[in-house]
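User: Hello! I am new to this structure and would like to learn how to read it. Could you walk me through a few features?

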Amino acid sequence: MAADLPMDLPVIDLDVFRNQPRDSPEVQAECLKAAKALITYGALVLHDSRVSEEDNAAFLDLLEDYFAQPEEDLKKDERPELHYQIGVTLENTEKPKCAVDEPCLNVINRLEPSERPLDITAHAPDPKCRFFWRMVELPPYETQFPGLNAANVVPEAPHIADRWGPTMNLWGDSMKNAVEGLTEMTAVGLGLPAGSFKDAGRYGPHLLAPTASDLKKYGEKDTILAGFHTDLNFLTIHGRSRYPGLHIWARNTGKRIAVKIPQGNYLLVQAGKQLEHITGGLIKAGFHEVVVNEKTVDVIEARKAQFPDRPLVRISSTFFWHLSSDVDLTPIPSLAEQARQVRAEQFNLGKNEGEEVTYPTMKVGELVQKYVPPFLFFPTPGKSCVLLKTDILFAACSELRHIALMT
Ligand SMILES: [Fe+2]
């Protein structure tokens with residue numbers, strides 16, 4: 001396999017947008033840079049001085065402590081009756097959906113063999129654990145896509161319980177505020193009113209959804225921690241992980257890129273399928289995988305020596321930002337036209353982007369359902385279903401609300 005391309009993604013400064021007049025040339029240029037970064041890479045690094053390295057460290061410490069607990073304690077936080085939409089999901093449960101999705105497998109086939117992700121065709125579940133912490137504002141209207149009404153799960157262990165809620169909410173709010181700022185910058189950069197996306201996501205089923213990979217068990221080079229996939233939400237945002245291993249594929253390069261995030265007030269943002277749909281494919285959902293690569297192994301060895309008493313767990317502080325489920329997802333005509341131009345340019349450069357994708361008008365909640373395999377649906381006539389987890393294969397139907405209310 002070829003060496004990963006060492007590459008720094010464009011860094012977008014949210015401070016410029018927040019602190020300078022909206023009509024200033026600096027703000028306009030930064031917004032354009034944000035939109036272009038998403039069009040070209042499907043990802044960018046976001047600088048926001050409100051984001052604190054200390055808060056990120058407190059969050060990572062908490063999650064490392066949490067996932068270092070014995071399995072019987074973690075199991076207390078599982079909610080299988082709610083299809084794991086809240087609380088913990090233990091390892092080997094989530095499956096990369098790309099392994100059963102033909103267009104996605106075609107994306108891999110179009111890559112040079114040396115640039116392909118690690119082989120996911122065995123369709124083994126990812127060996128990562130996950131915790132789902134909902135960060136939502138309930139809609140003041142009756143929704144066609146009622147989600148889960150269950151309260152968030154707070155672990156019981158005394159060394160974790162007290163700091164759980166405050167730490168999750170502090171870091172979750174940091175990322176939510178940052179990503180909402182970026183939705184405004186992206187809208188401006190695309191020539192739209194600043195609130196176009198942010199307002200459409202006010203009642204979205206946002207999730208703080210950190211993952212944890214046990215590097216004692218899964219620390220060998222070329223282990224897949226999260227198989228090649230895109231996310232179903234609008235934008236995904238992460239704090240800096242202590243361990244490298246995230247690879248992304250930028251649309252215009254066909255190269256596997258090992259992501260590096262600078263230390264300090266920086267976050268990583270990736271485009272998801274909702275953003276792809278509403279832009280008519282101008283911004284494509286970014287493919288990514290998390291694996292143990294050479295640099296991950298180096299950091300594992302360094303941390304073993306430096307912090308011998310700390311758990312050897314790779315935490316990723318993923319936050320999934322969604323549009324509200326009832327929003328109409330209609331490709332914006334001016335962006336769909338630009339998407340056709342970009343596709344033609346790519347074609348002229350000899351880059352095969354595969355079959356043209358159509359983006360029919362639908363509700364955001366319907367788009368999410370589209371990616372849920374039928375065998376995981378609970379087909380009850382007249383009941384709607386919604387997928388709250390974003391890159392995994394679980395669905396919940398409206399009747400789950402009643403289960404949630406009864407338990
Ligand atoms: Fe993902």
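Analyst: Happy to. Let us start with Leu60, whose place is in helix α3 (residues 53–67). Helices (H or I, at least four residues) and strands (E, at least two) are DSSP runs, numbered from the N terminus. This is a predicted model: local features need pLDDT of at least 70, side-chain atom pairs count only at pLDDT 80 or more, and totals for chains, interfaces and linings use all residues. Residues are numbered from 1 along each chain as its sequence is written.

User: Is Leu60 buried or exposed?

Analyst: A residue is buried if 20 or more other C-beta atoms lie within 10 Å of its own, exposed if 12 or fewer, and partly exposed in between, with C-beta atoms placed from the backbone. Leu60 has 22 other C-beta atoms within 10 Å, so Leu60 is buried.

User: Which residues is Leu60 in contact with, leaving aside its neighbours within four places in sequence?

Analyst: Contact means that the C-beta atoms of two residues, placed from the backbone, lie within 7 Å. By that rule, Leu60 touches Arg242 and Ile315.

User: What should the 17 residues of helix α2 span?

Analyst: The expected span is 1.5 Å times one less than the number of residues. For α2 (residues 25–41) that gives 24 Å, and the end C-alpha atoms are 24 Å apart, which agrees. Just after α2, Gly42 takes a positive phi of about 70 degrees.
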